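Subject: Structure for you to look at

Hello,

Here is the structure I said I would pass on. Please open it first, then read the notes below with it on your screen.

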Amino acid sequence: MTVKSARELDLMRRAGRVVAQVKADLKSAIRPGVRTGDLDRMAEERIRQLGATPSFKGYAGAGATPFPSTICVSVNEEIVHGIPGDRALEEGDIVSVDVGAVVEGFHGDSAFTMSVGETSEEAARLIKATREALAVGIAQATAGARIGDISAAVQAHAEGLGYSVVRQYVGHGIGRDLHEDPQVPNYGVPGRGPLLRESMTLAIEPMLNVGGWETVQMDDGWTVTTADGSLSAHFEDTIAITKSGAEVLTALNGVRGD
Ligand code: MG
Ligand code: MG
């Protein structure tokens with residue numbers, strides 16, 4: 001499990017602040033014509049400038065190929081783990097960016113989705129619903145609650161608005177490892193699953209699709225898309241459970257996901 005000491009929490013706050021700063025920089029750089037690889041270079045430079053190291057670069061997950069980049073950039077029907085490159089963002093796209101940074105061995109992990117210029121009403125609604133799903137999940141993350149309370153709240157919010165939640169990829173404990181126990185699914189039953197305790201650190205990360213929840217992995221070994229080609233959005237924050245609820249470690253204001 002992923003309960004942290006006071007010193008470990010402080011390092012995670014530092015990692016979280018780096019991630020929050022890099023997210024803010026990326027948001028102001030995202031516009032039509034920007035190449036996803038440019039965003040990646042900007043993020044890596046900024047992470048290192050802030051005294052941290054990218055968490056994802058070289059990460060070897062379940063796949064055989066280590067992840068080659070600092071950030072994941074997933075456009076439109078891409079859900080997560082998109083590899084930045086020559087693709088130029090276009091007006092009307094929606095783009096999900098996932099950022100991870102490590103400070104003295106402890107990770108922060110956070111993602112956001114935004115529109116590139118003006119987008120459709122459908123896309124804007126999806127983004128709003130996914131941001132809200134993260135907030136309702138975080139609101140359940142209190143000492144004495146269970147993982148299933150987070151999962152069920154995210155699922156109810158998403159499905160209540162007509163979206164599906166991705167099943168195959170889930171949130172997670174986080175700390176010295178980018179992915180620790182327990183898993184934090186975006187679907188589940190209230191009152192079930194591991195008990196949440198003070199000083200536990202979690203990455204909560206709803207992924208919502210306009211269509212079905214089924215996913216496909218591209219043959220680059222990483223990029224995951226919706227099976228039906230529908231739009232997808234992703235928000236994530238790293239949080240610590242405190243006596244008085246969740247502290248958001250990857251937000252500049254410390255209180256909410258954005
Ligand atoms: Mg992430
Ligand atoms: Mg994560």
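The buried residues of helix α4 are Ile147, Gly148, Asp149, Ile150, Ser151, Ala152, Ala153, Val154, Gln155 and Ala158. Keep in mind that this is a predicted model. Since 10 of the 14 residues of α4 are buried, the helix is largely enclosed by the rest of the structure. What do these buried residues pack against? Their partners are α3 (121-139), β6 (164-165), β8, β9 (201-204) and β10 (207-209).

Helix α4 covers residues 147-160 and reaches 20 Å from its first C-alpha to its last, close to the 20 Å expected at 1.5 Å a residue. After α4 comes Gly162, which has a positive phi, near 90°.

Next, the metals. Which residues coordinate the magnesium ion that is ligand 1? They are Asp98, Asp109 and Glu236, and Asp98 is listed with two OD entries; the distances are 2.0 to 2.4 Å. Along the chain, these donors follow the spacing D-x10-D-x126-E.

The magnesium ion that is ligand 2 is coordinated by Asp109 (OD), His172 (NE2), Glu205 (OE) and Glu236 (OE), at 2.1 to 2.2 Å. The spacing of its donors is D-x62-H-x32-E-x30-E. Here Glu205, in the loop between β9 and β10, and Glu236, in the loop between β13 and β14, link parts of the chain that are 31 residues apart.

The two magnesium ions, ligand 1 and ligand 2, lie 3.2 Å apart, and Asp109 bridges them. Asp109 sits in strand β5 (residues 106-115), whereas Glu236 is in the loop between β13 (232-234) and β14 (237-242), 127 residues away.

A residue counts as buried under 20% relative accessible area, so Glu205, at 7%, is buried, and Glu236 is buried with 1%.

Last, the largest pocket. It holds about 650 Å³ of space. Its lining consists of 28 residues, and Tyr59, His81, Tyr169, His179 and Trp222 lie nearest its centre. The elements that give two or more residues to this lining are β7 (171-173) and β8 (180-184). Of the elements, β8 gives the most, with four residues. By class, the lining has 12 nonpolar, 10 polar and six charged residues.

Regards

Terms used:
Residues are numbered from 1 along each chain as its sequence is written. Chains are lettered from A and ligands numbered from 1 in the order in which they are written. This is a predicted model: local features need pLDDT of at least 70, side-chain atom pairs count only at pLDDT 80 or more; totals for chains, interfaces and linings use all residues. Side-chain values use heavy atoms; hydrogens and water are left out. On a 1 Å grid over the protein atoms alone, a cavity is a set of points where a 1.4 Å probe fits but cannot get out, and a pocket is an open set with protein on both sides within 12 Å along at least five of seven lines; lining residues have an atom within 4 Å of a point. Grid points are joined across faces, edges and corners, and a volume is the space filled by probe spheres set on the points. Ala, Val, Leu, Ile, Met, Phe, Trp, Tyr, Cys and Pro count as nonpolar, Asp, Glu, Lys and Arg as charged, and the others, Gly among them, as polar. Donors are N, O and S atoms within 2.8 Å of the metal (3.2 Å for Na, K and Ca); water is not among the atoms, so sites may look incomplete. The expected span of a helix is 1.5 Å times one less than its number of residues. Buried means under 20% relative accessible area, exposed over 50%, partly exposed in between (1.4 Å probe, protein chains only). Contact means heavy atoms within 4.5 Å.
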